[in-house]
2 protein chains.
Amino acid sequence: MSMQTFTAHPIGVIETPWQTIAECPRNGRQPNPAPLCSVRVFPDYVEGLRSIEGFSHLILLYWLDQAKPAELVFTPPFDPQPRGLFATRGPRRPNPIGLSVVAFDGLDGPDCLQVRYLDCLNGTPLLDIKPYLPSTDCEAAATMGWLAPHATPRR
Amino acid sequence: MSMQTFTAHPIGVIETPWQTIAECPRNGRQPNPAPLCSVRVFPDYVEGLRSIEGFSHLILLYWLDQAKPAELVFTPPFDPQPRGLFATRGPRRPNPIGLSVVAFDGLDGPDCLQVRYLDCLNGTPLLDIKPYLPSTDCEAAATMGWLAPHATPRR
């Protein structure tokens with residue numbers, strides 16, 4: 001296997017109501033209502049937010065810096081079978097990169113995005129912000145394999 | 001700004017028909033038909049694929065190792081206005097992590113996934129595989145801001 005590595009660095013920090021892993025919801029659509037969270041972009045990157053206003057949803061990538069080491073096979077809390085990590089959205093991944101599709105409720109100052117549907121810890125380092133494009137990111141009829149009976153119902 | 005860094009490492013490699021950046025499509029839904037691509041997972045991580053068979057779509061994250069340095073504001077080829085990087089899906093990002101929602105057409109051997117809708121270079125290092133969950137990942141009515149007139153029509 002490859003010994004190559006890549007260096008990622010935070011471009012901002014995510015503020016959520018959850019201070020411990022135990023408090024984090026199972027996913028960002030579970031809390032009802034979903035609390036407003038803040039995404040603070042560091043000054044060096046604020047210029048990159050230009051033209052972001054018109055998007056209703058964003059994809060956030062962040063580094064799950066408090067996640068325990070990767071576990072390739074594990075038994076989810078809500079399922080009796082051991083499952084491969086790549087068939088789950090669990091946080092203990094070889095590269096602990098979290099991904100959330102969030103509702104973008106607008107800017108609060110030039111460096112702060114207000115979003116809903118996050119599930120990560122307060123203080124999680126932000127890696128990337130991408131505009132959500134239904135033309136390439138939406139697959140309404142996708143099948144969910146073993147997770148189908150456990151999915152969070154849409155509201 | 002934070003000086004903290006995180007080390008990512010490849011868990012596999014992506015095989016596509018595109019050998020140069022000039023050959024890569026604008027997005028993975030542009031080629032018609034979309035070619036079948038292969039995602040080879042390194043032996044150390046194959047166990048993590050257990051239970052992946054039932055998902056029709058996956059989210060792939062990969063490191064755009066051939067992308068030029070980040071450019072926070074740039075003028076896209078198909079638009080006259082300069083746009084902030086985070087309002088685009090361009091590859092020149094502070095953390096060059098690519099994301100594609102792909103159709104999963106099944107395993108070809110225990111370590112190789114066959115997928116469609118990739119747009120990255122052949123040989124791109126794979127970082128993560130996540131199951132696509134319409135319950136949290138699909139936002140059919142999302143608005144696309146400045147990109148709306150330029151979106152790839154759904155087929």
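**Note on a predicted two-chain model**

1. The side chains of Glu139(A) and Arg29(B) come together in a salt bridge, with 2.5 Å from N to O. The model is predicted, and every value below is computed from it. Over all chains the count is 16 salt bridges.

2. A further salt bridge links Arg89(A) with Asp137(B), whose closest N and O atoms are 2.7 Å apart. Arg89(A) sits in the loop between strand S6 (83–84) and S7 of chain A, while Asp137(B) belongs to helix H1 (residues 134–137) of chain B, so the pair joins two chains.

3. How is chain B placed relative to chain A? A rotation of 180 degrees, with 0.0 Å of shift along its axis, superposes chain B on chain A at an RMSD of 0.0 Å. The two copies are thus related as by a two-fold rotation axis.

4. The contact involves 71 residues of chain B and 71 residues of chain A. Of the interface residues of chain B, 100% are also interface residues in chain A, so the copies meet through the same surface.

5. The size of an interface is often given as the accessible area lost when the parts come together. Between chain B and chain A the buried area is about 7,200 Å², and carbon and sulfur atoms give 62% of that area. On the chain B side, the residues that lose the most area to chain A are Phe6(B), Phe86(B) and Glu139(B), which together give 12% of what that side buries.

6. Which residues line the largest cavity? The lining is made of Ile59(A), Leu99(A), Val101(A), Tyr132(A) and Asp137(A), together with Ile59(B), Leu99(B), Val101(B), Tyr132(B) and Asp137(B). Two elements give two or more residues to this lining: strand S7 (97–107) of chain A and strand S7 (97–107) of chain B. By type, the lining residues divide into eight nonpolar, no polar and two charged. Asp137(B), one of the lining residues, is also the salt-bridge partner of Arg89(A).

7. The volume of the largest cavity is about 50 Å³. With a cut-off of 30 Å³ or more, the count is one cavity.

8. Some backbone details deserve a check by eye. Most residues other than glycine have a negative phi, and most peptide bonds are trans. In chain A, a cis peptide bond joins Asn32(A) and Pro33(A), with omega about 5 degrees. Pro33(A) lies in the loop between strand S2 (12–15) and strand S3 (37–41) of chain A. In chain B, the peptide bond from Asn32(B) to Pro33(B) is cis, and its omega is near 0 degrees. Pro33(B) falls in the loop between strand S2 (12–15) and strand S3 (37–41) of chain B.

9. Tyr117(A) has a phi near 90 degrees, a positive value in a residue other than glycine. Tyr117(A) is placed in the loop between strand S8 (112–116) and strand S9 (124–131) of chain A.

Definitions and conventions: Residues are numbered from 1 along each chain as its sequence is written. Chains are lettered from A and ligands numbered from 1 in the order in which they are written. This is a predicted model: local features need pLDDT of at least 70, side-chain atom pairs count only at pLDDT 80 or more; totals for chains, interfaces and linings use all residues. Side-chain values use heavy atoms; hydrogens and water are left out. On a 1 Å grid over the protein atoms alone, a cavity is a set of points where a 1.4 Å probe fits but cannot get out, and a pocket is an open set with protein on both sides within 12 Å along at least five of seven lines; lining residues have an atom within 4 Å of a point. Grid points are joined across faces, edges and corners, and a volume is the space filled by probe spheres set on the points. Helices (H or I, at least four residues) and strands (E, at least two) are DSSP runs, numbered from the N terminus. Ala, Val, Leu, Ile, Met, Phe, Trp, Tyr, Cys and Pro count as nonpolar, Asp, Glu, Lys and Arg as charged, and the others, Gly among them, as polar. Copies are superposed by least squares on the C-alpha atoms of residues with pLDDT of at least 70 in both. Contact means heavy atoms within 4.5 Å. Buried area is the accessible area (1.4 Å probe) that two parts lose on being put together, summed over both. A salt bridge is a side-chain nitrogen of Lys or Arg within 4 Å of a carboxyl oxygen of Asp or Glu.
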